[in-house]
Every structure is written in C-alpha cells, then in structure tokens.
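Thanks for coming. I will talk about aromatic contacts today, and the structure goes on the screen now.

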Amino acid sequence: MADVSDSLINEAYLEVRDDKSDTNWLLLDYESERSDKLIVTKKGSGGLSELREALDDSKASYAYARVSYSNDKESKREKFILVVWIGPNCKVMRKAKISVHSADVKNVLRVYSIEVAAREKDDLNEDPIVIRLRKAGGASYDGV
C-alpha cells in the first residue's frame, strides 16, 4: 500500500480544484527510493506544459491537473485528469508497485474525468488529452 496520509496532499488537491486558485496541477513523488510514502513535491500554474517539465525520467509519480478548453468561442470547460507517470528510466521494483499504489492515490485524488498513463513526456501533450476529455464529456456538438 502507498502511504497517502500527508495532509498536504489533500490541501494541494483542493487548491487545484479551487476555481479561485491559479494552481492547476500538483505532483506527488515517493519520499525516497525505498519509501512507499507519497508527498507533494511540486505545484504549478503553467498547465500541462509546465507539468511535463517537472517530471523526472527516473521516477514514478502521480499528477493531478486541471485542463481548460473551449468547444466554441462561447464556452469554456474545465476538467480534471489523473496522470500516472512511469519514467523511461524508472526502476523495475518501483514500476511493479504502481498498479497497487494507484488505487490508494485514487482514494485521495478522487474526482477526475480521465486517467492518463504516461510513459514519455509527449504523452502529456494537450491536444490528444483535450480530445479524450471531449469524448468523455458526453454530448458533443462539434463532431469530435
């Protein structure tokens, strides 16, 4: 089991969800290589491009992000995504624990529209994620 008991995780989660906050993503990393305790290591307001740069190729991490997009010039939507990051240089034993630990993380970062399994930074390009969010959003009047 992953230890997600740190109160700062819930605080950061609520901050990302708060419409009045500029913070639109958070990153959870393991406290150390041998630890199963997750802590908030970074937060930001620069969207998915900034989050992408914060990811470490040697780590497994979890991220939660608010993604804003428009269906047309009249509307703006905000949806949330959960990112499960396994960097290309992540150690085998850490990779093996991710599926079990993801369930614990989902108990804390509860509300999201889609889960993004990211193995390389390009998996967090905004356009394909917005397409997935539109499909997950129900009625679509723009042919997507």
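Are Y13 and Y64 buried or exposed? Both Y13 and Y64 are buried. Keep in mind that this is a predicted model.

Now the ring pairs. Searching the whole structure gives three aromatic pairs. One of them joins Y13 and Y64, with 5.0 Å centre to centre and 50° between the planes, and counts as tilted. Y13 sits in helix α1, residues 7-17, while Y64 sits in strand β3, residues 60-72, so this pair ties together parts that are 51 residues apart in sequence.

Next, Y30 and Y62. The ring centres of Y30 and Y62 are 6.3 Å apart and the planes are at 65°, so this pair is edge-to-face. The cut-off for that class is over 60 degrees. Y30 belongs to strand β1, residues 25-30, and Y62 to strand β3; the two are 32 residues apart, and the pair links distant parts of the chain. As for accessibility, Y30 and Y62 are both buried.

Which residues do ring pairs link into a cluster? The cluster consists of Y13, Y64 and F80.

Last, the charges over rings. R17 is placed over the face of F80, at 4.3 Å from the ring centre. F80 is also a member of the cluster with Y13 and Y64. R94 is placed over the face of Y30, at 3.6 Å from the ring centre. Y30 is the residue from strand β1 that pairs with Y62 in strand β3.

That is what I have; questions are welcome.

Methods:
Residues are numbered from 1 along each chain as its sequence is written. This is a predicted model: local features need pLDDT of at least 70, side-chain atom pairs count only at pLDDT 80 or more; totals for chains, interfaces and linings use all residues. Side-chain values use heavy atoms; hydrogens and water are left out. Rings of Phe, Tyr and Trp (its six-membered ring) pair if their centres lie within 6.5 Å; planes under 30 degrees apart count as stacked, over 60 as edge-to-face and the rest as tilted. Helices (H or I, at least four residues) and strands (E, at least two) are DSSP runs, numbered from the N terminus. Buried means under 20% relative accessible area, exposed over 50%, partly exposed in between (1.4 Å probe, protein chains only). A charge sits over a ring if NZ of Lys or CZ of Arg is within 6 Å of the ring centre and within 35 degrees of the ring normal.
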